[in-house]
Amino acid sequence: MSDILHRIAIKATPEKVYDAITTSEGLRSWWTVDATHERKVGSVAEFGFHKRAVVFRMRINELKPGERVTWECEGDDPEWKGTRITFDLQPHEGGTLLDFSHSGWRSVENGYPSCNTVWGFLMHSLMRYCEGRPTEVYFPE
């Protein structure tokens, strides 16, 4: 099993970052405009891409306000199915240190390298959104 890991310092409170990753409004501002999310453990968030040609469904497994969010991918991409996405937040120099992981990859072939690149881009998009700077949604349609 392999993991994708990213660490980024964000000049915003952990609560602000938590809201950006646990609300539909926040997720639509830095990831994809086709995002539905209920801030409730056990619920399933949906993220659509390319006019819903691809849909990722994430079960919300853990919500610790201002500290941690954990999702488990239920589909549709077979490479993502069963992987886990974790956002760990901690106060850091007047802002937040975000440790991101997308773990449980069965292979580093196929989509793994490009997914790693996209997550890196998205962490910077999340940072800009939380800091109130202009951001570019990676998947605007």
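This is a predicted model: local features need pLDDT of at least 70, side-chain atom pairs count only at pLDDT 80 or more; totals for chains, interfaces and linings use all residues.
Two strands count as paired here if DSSP finds at least two bridges between them, and helices (H or I, at least four residues) and strands (E, at least two) are DSSP runs numbered from the N terminus. With that in hand, nine bridges join strand 1 to strand 7, and these two strands run antiparallel.

Residues are numbered from 1 along each chain as its sequence is written, and side-chain values use heavy atoms, with hydrogens and water left out.

Let me widen the view to the sheet, which is open and has seven strands in the order 1-7-6-5-4-3-2, with antiparallel pairing. Strand 1 (2-10) and strand 2 (35-36) stand at the edges with a single partner strand each, so one side of each is left without a neighbour in the sheet.

Turning to the helices, helix 1, residues 14-22, lies across strands 1, 4, 5, 6 and 7, and runs at about 160° to strand 6. Helix 3 lies across strand 1, strand 6 and strand 7, running at about 20° to strand 1. For these angles, axes are lines fitted to C-alpha atoms, for helices over the stretch in contact (heavy atoms within 4.5 Å), and angles run from 0 to 180 degrees between N-to-C directions.

What span should helix 3 have? The expected span is 1.5 Å times one less than the number of residues, and for the 19 residues of helix 3 that gives 27 Å, which agrees with end C-alpha atoms 27 Å apart. Its buried residues (under 20% relative accessible area, where exposed is over 50% and partly exposed in between, with a 1.4 Å probe and protein chains only) include Tyr112, Trp119, Leu122 and Tyr129. Among the elements that cover the buried residues of helix 3 are strand 1, helix 1 and helix 2 (24-30). Gly132, with a positive phi near 75°, follows helix 3.

Finally, the backbone: most residues other than glycine have a negative phi. Glu93, however, has a positive phi of about 45° although it is not a glycine, and this residue lies in the loop between strand 6 (84-92) and strand 7 (95-105). Asn110, in the loop between strand 7 and helix 3 (112-130), likewise has a positive phi, near 55°. Glu93 counts as exposed because its relative accessibility is 76%, and Asn110 counts as exposed at 66%.
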